[in-house]
Amino acid sequence: MAVTMATARNEMLSRVKAVVDAISAGDRPTLLYENKDPAVPRDTTTPWALAHVRHQGGEQASLAGASGTRLWDRTGTIVVQVYTRAGDAFRKNDVICQAIRDGFQGYTTPGGVWFRN
């Protein structure tokens, strides 16, 4: 199923939100989005994260079959920067980053965006 870049971005960022919302309250970061939440939190005692998506190039992934339909491959990257205070940074970063990583492995969005790396 083909989706627009805007739809793909929204589905990817919605997944980031769902994964972050599932992190236990004591470790859950405040989630900000690039171009939407430009202000960095002033409270440096609680973790926070900044999420953004970058679309890269694409290419034709198949020849047309009898139906004349060709498949296209598009690539993008989700970046979630996680910030925690000094002192418990490694533990909290590990918890948050692992939850985000695990939330994407093997996942496919409703529009058909799938994650492989």
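Residues are called buried at under 20% relative accessible area, exposed at over 50% and partly exposed in between, with a 1.4 Å probe and protein chains only. The structure is a predicted model, in which local features need pLDDT of at least 70 and side-chain atom pairs count only at pLDDT 80 or more, while totals for chains, interfaces and linings use all residues. Residues are numbered from 1 along each chain as its sequence is written, and side-chain values use heavy atoms, with hydrogens and water left out.

The protein chain contains two helices and three strands, where helices (H or I, at least four residues) and strands (E, at least two) are DSSP runs numbered from the N terminus. Along the sequence these elements follow the pattern α-β-β-β-α. The radius of gyration of the protein chain is 17 Å, whereas a compact globule of 117 residues would have a value near 13 Å; the radius is taken over C-alpha atoms, and the globule rule is 2.2 Å times the number of residues to the power 0.38. Taken along the principal axes, the C-alpha atoms fill a box of roughly 60 × 25 × 20 Å. Buried residues make up 26% of the 117 residues of the protein chain. Contact means heavy atoms within 4.5 Å; among contacts between residues at least 6 apart in sequence, 48% join residues at least 24 apart.

The three strands form an open sheet with the order E1-E2-E3 and mixed pairing, two strands being paired if DSSP finds at least two bridges between them. E1 and strand E3 (72-83) are the edge strands, each pairing on one side only. On average, neighbouring strands of this sheet are turned by 30° against each other, direction ignored. Axes are lines fitted to C-alpha atoms, for helices over the stretch in contact, and angles run from 0 to 180 degrees between N-to-C directions. E1 and E2 run parallel and are joined by four bridges. Threonine 30 has tryptophan 48 in E2 as its bridge partner. Helix H1 (residues 5-21) packs on the sheet and touches E1, E2 and E3, its direction making about 145° with that of E2.

Aromatic rings were then examined. Rings of Phe, Tyr and Trp (its six-membered ring) pair if their centres lie within 6.5 Å; planes under 30 degrees apart count as stacked, over 60 as edge-to-face and the rest as tilted. By this rule the count is three aromatic pairs. The ring centres of tryptophan 48 and tyrosine 83 are 4.3 Å apart and the planes are at 15°, so this pair is stacked. The pair links distant parts of the chain, with tryptophan 48 in strand E2 and tyrosine 83 in strand E3, 35 residues apart. Tryptophan 48 counts as buried at 14% relative accessibility, and tyrosine 83 is partly exposed at 35%. The pair of tyrosine 107 and phenylalanine 115 is also stacked, because the ring centres are 6.2 Å apart and the planes at 20°. Tyrosine 107 is partly exposed, with a relative accessible area of 23%, and phenylalanine 115 is buried, with 18%. Phe104, Tyr107 and Phe115 are linked into a cluster by ring pairs. The charged end of arginine 15 sits over the ring of tyrosine 107, 3.8 Å from its centre; this assignment requires NZ of Lys or CZ of Arg within 6 Å of the ring centre and within 35 degrees of the ring normal.

Lysine 92 is placed in helix H2 (residues 89-104) and counts as buried at 10% relative accessibility. Apart from neighbours within four places in sequence, lysine 92 is in contact with Gly26, Asp27, Pro47 and Thr84.

Several loop residues were also characterised. Asparagine 35 lies in the loop between E1 and E2 and is exposed, with a relative accessible area of 78%. Most residues other than glycine have a negative phi. Phi of asparagine 35 is near 70°, a positive value in a residue other than glycine. Aspartate 43 is placed in the loop between strand E1 (30-33) and strand E2 (48-60) and is partly exposed, at 39% relative accessible area. Leucine 63 is found in the loop between E2 and E3 and is exposed, with a relative accessible area of 75%. Not counting residues up to four places away in sequence, leucine 63 touches Thr69 and Arg70.
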